[in-house]
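Let's take a walk through this structure together, one stop at a time. Have the sequence and the 3D view ready.

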Amino acid sequence: MEGQAGARVARLERVLAETGGGVPWEDGVTALGRRDRWMSRVVVIGATGHIGTYLVPRLVRGGHEVIAMSRGTRDPYHARPQWGSVTRVTVDRDAEDEAGTFGGRVAALGPDVVIDLICFTAASARQLTDALRPSRPLLIHCGTIWVHGPALRVPVTEDEPRTAYGEYGTGKAEIEALLHRETLAGGVPAVVLHPGHISGPGWPVITPAGNLDPAVWTRLATGQPLALPDRGLGVLHHVHADDVAQAFERAMSRPAAIGASFHVVAGQAMTLRGLAAGVAGWFGREPALEFTGWTEFERQVGAEHAAVTREHTERSIAASIDRSREVLGYAPRYSTLDALHEALAWLVANGQADVGGQAI
């Protein structure tokens with residue numbers, strides 16, 4: 001893997017030389033290994049969301065100057081003292097993208113690194129890279145494992161052909177391709193991270209039924225029957241938000257990561273039935289599973305929840321993290337069940353899930 005990464009850097013170096021490109025730090029790509037010694041000004045776009053809640057305090061603890069951009073409509077999910085050292089910038093990205101001013105707004109902040117957690121269209125990414133190209137900071141983009149469609153080989157590697165479908169996955173795949181072309185052309189150096197189903201305390205997370213129905217937790221905790229489609233063999237690949245933040249932080253100082261994509265997920269994916277068994281086990285139970293067809297499943301859970309389940313299980317992505325481990329040094333602290341346990345404990349404590357009054 002390191003050989004592949006080295007070849008990628010060498011290829012980028014060659015392209016830069018051939019195109020007359022370059023980077024604003026020292027002598028091209030060969031100096032990237034020394035970049036982490038001085039980079040300090042980091043702009044985080046979408047800083048108060050799931051990932052940013054954990055990432056921003058990490059960056060402050062690492063000695064970086066952090067500029068947190070968000071709409072200003074909410075605080076981070078968890079208060080940390082490090083937020084007191086952060087410069088907060090309120091911005092409506094959609095409105096400024098429409099006006100053509102967002103990219104220039106970011107570039108004017110003079111970042112060494114830009115971490116973009118909320119870019120969903122190629123047009124938005126293009127506006128940002130166009131504005132950043134004169135100064136060429138490192139750009140780290142948040143993608144998704146949904147750049148992959150239904151899995152043909154598992155675990156799915158980052159080199160699998162992109163078979164995304166649906167607006168979200170297709171948009172992210174287009175951004176990924178744009179950023180890699182930008183890097184190879186000698187423009188803004190970019191890294192793309194693809195998280196799985198981001199979980200943690202503070203928000204509803206994807207349940208063992210592959211949807212956001214809070215009744216799933218109640219049924220598993222109290223021994224009520226839980227309907228699952230396709231014999232519960234659909235696959236989900238969760239990740240704790242702090243593990244995603246870890247990967248973004250590590251990507252800032254890994255020159256071999258530039259020009260590549262990385263999966264960021266828990267160490268193992270799990271089936272719906274495996275997740276159900278794990279959650280029921282927290283309450284000393286075996287899950288009472290009812291395997292149904294899709295028509296009956298929709299009748300029981302409703303069209304909205306059934307559609308979300310189908311979106312997840314039709315893909316059934318089990319993503320490899322070999323490249324992330326070897327190049328980024330990524331080491332997830334949370335298993336899928338660890339992440340869900342922490343999330344459910346928060347949901348119960350905040351009245352968003354009912355487990356029959358049992359301890360969690």
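Before the tour starts, one term: two residues are in contact when they have heavy atoms within 4.5 Å. Also keep in mind that what you're looking at is a predicted model.

Next, head for strand E6, residues 190-195. Here 6 of the 6 residues are buried, so the strand is largely enclosed by the rest of the structure. You can check this face by face: Ala 190, Val 192 and His 194 are buried on one side, and Val 191, Leu 193 and Pro 195 are buried on the other.

So who are the partners of E6? One is strand E5 (residues 138-142), which runs parallel to E6 and is joined to it by 4 bridges. Look for His 141, which stands opposite Val 192 in E6. To get from E5 to E6, the chain goes through helix H6 (residues 167-184), and this β-α-β crossover is right-handed. Strand E11 (residues 261-264) also pairs with E6, again in the parallel sense and over 4 bridges. In this pairing, His 194 stands opposite His 263 in E11.

Now on to some helices. Helix H9 covers residues 272-282, and its buried residues are Leu 272, Leu 275, Ala 276, Gly 278, Val 279 and Ala 280. After H9 comes Gly 284, which has a positive phi, near 70°.

The last stop is a pair of helices. Two packed helices are described by the angle between their axes and the distance between the axes. For helix H10 (residues 294-301) and helix H11 (residues 303-313), the angle is about 135° and the axes are 7 Å apart. That angle makes H10 oblique to H11. Which residues make the contact? From H10 come Trp 294, Phe 297, Glu 298 and Val 301, while H11 brings Ala 303, His 305, Ala 306, Thr 309, Arg 310 and Thr 313. Sorted by class, this contact of H10 with H11 has 5 nonpolar, 3 polar and 2 charged residues.

Methods
Residues are numbered from 1 along each chain as its sequence is written. This is a predicted model: local features need pLDDT of at least 70, side-chain atom pairs count only at pLDDT 80 or more; totals for chains, interfaces and linings use all residues. Side-chain values use heavy atoms; hydrogens and water are left out. Buried means under 20% relative accessible area, exposed over 50%, partly exposed in between (1.4 Å probe, protein chains only). Helices (H or I, at least four residues) and strands (E, at least two) are DSSP runs, numbered from the N terminus. Two strands pair if DSSP finds at least two bridges between them. A crossover is right-handed if, with the strands pointing away from the viewer, the path from the first strand over the helix to the second runs clockwise. Axes are lines fitted to C-alpha atoms, for helices over the stretch in contact, and angles run from 0 to 180 degrees between N-to-C directions. Angles under 35 degrees count as roughly parallel, over 145 as roughly antiparallel, 65 to 115 as roughly perpendicular and the rest as oblique. Ala, Val, Leu, Ile, Met, Phe, Trp, Tyr, Cys and Pro count as nonpolar, Asp, Glu, Lys and Arg as charged, and the others, Gly among them, as polar.
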